[in-house]
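Trainee: I have a model open and would like to learn how to read its features. Where do we begin?

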Amino acid sequence: MSMIRQDAKAPGHLAVLHPMRLHASALPLAERMFNLWTFTALILALAAFLIAPAFAQDATPDDRSIVAILLEWTPTLAGGFAFNVLISILSMAIGTVLGVILGVLQVSPISPIRSIAWLITQFFRNSPWLVLLFYCILLIPFQIEIGDTTIPFPGWIKATIGLSLPVMAYMSEYMRGAILSIPTGQWESAESLGFSRRQIMVNVILPQTVKRVLPSWMNLYAVLTMATPLVSIIGISDVMTLTRAALSAEGRVDLLIPMYLYILCWFFIYCYPISAATRRFERRFAVNT
Amino acid sequence: MELANTLIDWLRPDWFLNLVVFSDNYYRDRYLAGLVTKIQLSVLSIFFSLIVGIIGAAVQGAPSRTLRVLVGAFVAFFRNTPPLVQLYFFFFAIGTVLRITGENGLPQPLVSNFGWAVIALSLFAGALNTEIFRAGIEAVPRSTVEAAEALGYTRLQIYREIVLPLAIRISLPALGTNLVNLVKTTTLAYAIAVPELLYVSAQIWSEDLNVREMMNVLLVSYVGLVAVLVWVLHRWEKALRIPGYGE
């Protein structure tokens, strides 16, 4: 009773203006029975039903728990993962340097240079990473002889070069976009101060592009890191190779799902902070560009 | 000098005139079969990834908090893990466990490797599509939705007939980039022995030892496929353009 009196006193607090509320008891039985939770439970039960026989028939005398096995393999896998990170950092370094150069060439005033740079960028941007990796692995000689010195090219260096090619192309495209987004006034005022074109590019334009390119660059690094397991396909021993070796060494069917999920989590823990930071940068820099 | 000779050897155009893959019937048929598998794989993955994206984006706008968190977790997880490991997870882990007893009494996989490739790639690209569509839906003016509400549309009708058509048009450029990426990512199916373009090429070059030639044919085919997709998307974007939006 007091509620109604209060409602009546406060202007604008009429019951009819409030959003309609559904009470649990008011729902019909059918809707209380067949909601999302029931559905999820049913799916889980079905999955368990399908999966259970596989567990039962492969019960081995080996009674170590799955967590113990995962922990046992962790140092080996960590070594493999560190190798993946190393490859990603090297490819990123090579790709960034080449990409910046190619991006600057894409806005060159000389038309043939511009076209060639554009063609290279589009070509490497539109070919699949795996095909480029195959290209580098199979077609780069395993060593180059210049004069008396022999430069060896082991597989992992070829793979690093192969991964840096698409990075170069993406970086080139980001740089072109960033350079073109700098106001023309910057070019004109630098020109009027007597800077040469080269000086304008290095001292005025490129420093300003850093802020604009940074979010894309970080995202590219995350994408590159997620592409590094590809090197396992072309026969370089990385975290994926080690995982599969570990799985065949253990030979337990019930280990398959936890082990692959474990590796997925490793990558997630490495890449998620990068993409979260990217989003934060994007939001912060979006204000004053 | 050695280097210069190698370079000239690379650029020598005679392989272009005498491609085994076009002159030899056996290799040509296999290559074309690979191309067809590749196109099937791409089209199916694109189709299902769009469906995953539309459903995911719809659920992210749902009133239920649990659902939103679940879809958010799905998107974050699939965006930040390597597609290859996802594919392995589906094919080797779930695919090994998920077996049914066949007619001859032996356990058989429930889903073929082609099927797993479609599932894994659709989920991977679908997670990105969810983000893209969500951004598109957020860009639809609130007043348009309110106007539809005032006209008595239900939530589902608003989503299907007002929000989605506008959101798809807004998110087309980002969607195009993602779909091109998806077509490039279908190469990963090589890892689980789906006989697509890269796989048949690898078979051909290990039989005929014409690595350089096949490599070039392969790269040109891929660039061609991607170019076709880019062209289709461009046409689509033009056809769907809303007068007064953009430009």
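Trainee: How many residues of chain B are in contact with chain A?

Mentor: Bear in mind that this is a predicted model. In it, 33 residues of chain B are in contact with 32 residues of chain A. On chain B, the elements that give two or more residues to the side touching chain A are α5, α6 and α11 (211-239). Of the elements, α6(B) gives the most, with ten residues.

Trainee: Into what kinds do the residues on that side of chain B divide?

Mentor: The side of chain B that touches chain A has 24 nonpolar, four polar and five charged residues.

Trainee: Which residues have the most contacts inside the largest nonpolar core?

Mentor: The general idea is that, in soluble globular proteins, nonpolar side chains tend to be buried together. Here the largest nonpolar core has 113 residues, and those with the most contacts inside it are Leu130(A), Leu133(A), Tyr260(A), Val85(B), Leu87(B) and Ala117(B). Leaving aside neighbours within four places in sequence, Ala117(B) is in contact with Leu41(B), Leu87(B), Ala189(B), Ile192(B) and Val194(B).

Trainee: Which residues of α5(B) are buried?

Mentor: Val71(B), Val75(B) and Phe78(B) are buried in α5(B). They lie on the same side of α5(B), because they cover an arc of only 80° around the axis. Arg65(B), Thr66(B), Val69(B) and Ala73(B), on the other side of α5(B), are exposed. The buried residues of α5(B) pack against α4 (25-60), α6 (83-97) and α7 (113-139) of chain B.

Trainee: What should the 15 residues of helix α5 of chain B span?

Mentor: At 1.5 Å a residue, helix α5 (residues 65-79) of chain B should span 21 Å, and the end C-alpha atoms are 21 Å apart, which agrees.

Conventions: Residues numbered from 1 in each chain as written. Chains lettered and ligands numbered in written order. Predicted model: local features only at pLDDT ≥ 70, side-chain atom pairs only at ≥ 80, totals over all residues. Core = buried A, V, L, I, M, F, W, Y, C linked by C-beta atoms within 7 Å. Buried ≥ 20, exposed ≤ 12 C-beta atoms within 10 Å, placed from the backbone. Contact = placed C-beta atoms within 7 Å. Helix = DSSP H or I, 4+ residues; strand = E, 2+ residues; numbered from the N terminus. Expected span 1.5 Å × (residues − 1). Arc of directions from axis to C-beta. Nonpolar A, V, L, I, M, F, W, Y, C, P; charged D, E, K, R; others polar.
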